[in-house]
Structure formats: C-alpha cells, structure tokens
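Let me put the structure up and walk you through a few spots in it.

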Amino acid sequence: MDVAAVTRESTRSLIFANVVTMVLALVFKWPLGLLLWPYWIQSIVIGYFSRKRMLTLTRFSTEGLRINGQAAAPTEATRNSAANFFALHYGGFHLGYLVFIATRAADLSRWDWAGVALAIVVFSLLKTAADVGMHWAEHRLLQRKQSAVE
C-alpha cells in the first residue's frame, strides 16, 4: 500500500468516524455540548500521535525556526524541544477546552454518554487501522529504498 492510498484511506476513515458521530447526535438528539466530547477525544488522540511522530523524525528542517532569537540547528534536542513545545501548547488548549465542555456535562443522561463512548470507539478503531496502514506503507517504502541501495 503506498502513502497516497493510505492517505485516502485515513481520510475516508476520519470522514466515516465524523459521520457516525453526527448520525448518533441526530438519532439521540444530543445537545451541542455533548457533541463536543467525541471531537475532543479525537483531537487528543490526533495530538498524541502527532507528537509521537515528531519524536520519530530522523530528517527534519529547522529552516526559519528561531529559538531565543537564534537560528535553530536540526538536532535531536531541537526536535525533542519542538515536540514538547507542541505538546505543552496543544495540551493547554485542550485543558481549557475540557473545562469548557465539562461544565456543560451535568445534565447529560447515561444514554447520551453511551453514544459518546460508541463514537469514540468507532474513531479509535479507524485511527488504529489508519496507523497500521501507514506503518505498513512506511516500511514498504524503507524496504524499497534499501533494495535500491543494495
């Protein structure tokens, strides 16, 4: 499976997960505040894997990146620092987002929460499938490059 095919597949998976969430919201007549929960969880998962992917980069550019007014060197320390900077800011935003949606959660029924859990499970399964597909695609590319060198 090539990278373009994996990208198309993961895009379809994300669209499917969001459609499932919207259908559940319509069927169970969720208030808008409840609909935010699956999207918050999806965003947390995406942020987690984005940071993880940043930390595994072996080649990256720091062109135009300045830290304390100095040009940043493309080192492992810079990569780790940038990933941690991302996590701090992304996490801080999501903490504020969590406080906002949690203050509106008191009036929700257990059936509402069951629907949210279902939407989160569907997203998690699709995210896992997309990650496995990308893992396979990356390894096939690496194998092709290795074969070309030999």
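Gly-91 is found in helix H3, and by helix I mean a DSSP run of H or I with at least four residues, while a strand is a run of E with at least two, each numbered from the N terminus. Quick housekeeping: this is a predicted model, where local features need pLDDT of at least 70 and side-chain atom pairs count only at pLDDT 80 or more, but totals for chains, interfaces and linings use all residues. Residues are numbered from 1 along each chain as its sequence is written, and side-chain values use heavy atoms, with hydrogens and water left out.

Look across to Ile-44: it sits 47 residues from Gly-91 in sequence, yet the two are 8.1 Å apart in space, C-alpha to C-alpha.

Staying with H3, the helix covers residues 76-102, which is 27 residues. From first C-alpha to last it reaches 37 Å, close to the 39 Å expected at 1.5 Å a residue; that expected span is 1.5 Å times one less than the number of residues. Its buried residues are Thr-78, Arg-79, Ala-83, His-94, Tyr-97 and Ile-101.

Now the aromatics. Searching the whole structure turns up four aromatic pairs. Trp-37 and Trp-40 have ring centres 6.3 Å apart and planes at 70 degrees, so that pair is edge-to-face. The cut-offs, for Phe, Tyr and the six-membered ring of Trp: centres within 6.5 Å make a pair, and planes under 30 degrees apart are stacked, over 60 edge-to-face, the rest tilted. Those two tryptophans are three residues apart in helix H2 (residues 32-55), so about one helical turn separates them, and both are buried. Tyr-48 and Phe-49 also pair edge-to-face, at 5.0 Å centre to centre and 85 degrees between the planes. Phe-49, though, is partly exposed, at 25% relative accessibility.

Last stop, Asn-68. Where is Asn-68? In the loop between strand S1 (66-67) and strand S2 (70-71).

How values were computed:
Buried < 20%, exposed > 50% of the residue type's maximum accessible area, 1.4 Å probe, protein only.
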